[in-house]
Amino acid sequence: SNIFFRPIEKINAVIESYPKGIAGFKRYLEIMDTEPEIADAPYAKDVDAVKGEIRYEGVSFSYDEGRDILKGINLRIYAGETVAFVGPSGAGKTTICSLLPRFYEVTGGRITIDGIDIRDMKLQSLRKHIGIVQQDVFLFSGTIRENIAYGDLSASEEQIWEAARRASLEDIIRSLPNGMDTVIGERGVKLSGGQKQRLSIARMFLKNPPILILDEATSALDTETEALIQQSLSELSEGRTTLVIAHRLTTIKNADRIIVVNKEGIAEQGNHQELITSGGIYSRLHEAQYSS
Ligand code: ATP
């Protein structure tokens, strides 16, 4: 086997089991010397396939004792549904999503997938079903092929190209001198922000998880790149339960449901039109942010 993959598998394993939040994905070197992963409960099960219905039942959470970030959140997300979390900075959108792959443990209540408490699943089994796409994607020094496959030794050349194509990355790869074999990262070709995002999307097409967490980019991309990425993301979320920490109006407008989060919890929910019509927080937020 390819020796190059061995450190990747290690890093991958550490990242997949890293208990300290989505932010932790950004700096894998720091990950290497943090505490070991949450132990599986002795009765924890392997869960092979899930449809992806998610429920938060009275979920409370605090990072530090005495300061509750979430207080009894109730939420039901249907299999295949796309929900967009919106609300002021610090309201807890990222926190809500971080609890699902168990980067943090709930301090009260429970989260279920297809009715199964996520603490009753083996951590590896749980995270196999959840894909994360984010702006600051973790790339390692290696070829584009290796970065798309991300430690998946069973991925065929055809599957890797298919993932690249669906992520609108094919033309870019073909234009590089060494194609799929182009080395990226510290010692190789530097990818732009938009290219990195597409690479992370390609990874997810390959991983093919039933549940997606999309931590949407806040940085500006050119209009064409933006449109390509939006297109790939909407294709990616097709048929998957998708939780978006949303910043872009198009994403929010296209979501099946918008969930407005504020310091008090979930303030209101509905689709764009419903929330505009009802004239609550969302409509004011929308007015303030997007109207000129
Ligand atoms: P943004 O839109 O700015 O990303 P958000 O709605 O996603 O905000 P969170 O990142 O979930 O909000 O943060 C919710 C609260 O939890 C904030 O008060 C934040 O300061 C706090 N918080 C977030 N991460 C940690 C952490 N690792 N340790 C302690 N407090 C944290």
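**Exercise 1.** How many bridges join S11 to strand S12 (residues 265-270), and do the two run parallel or antiparallel?

*Solution.* The model is predicted. Start with the pairing: 5 bridges join S11 to S12, and the strands run antiparallel. S11 and S12 form a hairpin, with 2 residues between them. Then pick a bridge to inspect: Val 261 has Ile 266 in S12 as its partner.

**Exercise 2.** Check the length of helix H8 (residues 193-207), then describe its surroundings.

*Solution.* Step one is the span. Step two is burial. Of the 15 residues, 12 are buried, among them Leu 199, Ile 201, Met 204 and Phe 205. Step three is packing. The buried residues of H8 pack against strands S6 (130-134) and S9 (211-215), and against helices H5 (144-149), H6 (157-166), H7 (170-175) and H9 (223-237). Finally, look past the end: Asn 208 follows H8, with a positive phi near 55 degrees.

**Exercise 3.** Which helix gives the most residues to the shell around the ligand?

*Solution.* Begin with the shell: 13 residues surround the ligand. The closest are Tyr 63, Ser 89, Lys 93, Thr 94 and Thr 95. By class, the shell has 4 nonpolar, 7 polar and 2 charged residues. Helix H3 (residues 93-99) gives the most, with 3.

Definitions and conventions. Residues numbered from 1 in each chain as written. Predicted model: local features only at pLDDT ≥ 70, side-chain atom pairs only at ≥ 80, totals over all residues. Helix = DSSP H or I, 4+ residues; strand = E, 2+ residues; numbered from the N terminus. Expected span 1.5 Å × (residues − 1). Buried ≥ 20, exposed ≤ 12 C-beta atoms within 10 Å, placed from the backbone. Contact = placed C-beta atoms within 7 Å. Near = placed C-beta within 6 Å. Nonpolar A, V, L, I, M, F, W, Y, C, P; charged D, E, K, R; others polar. Pairing = 2+ DSSP bridges.
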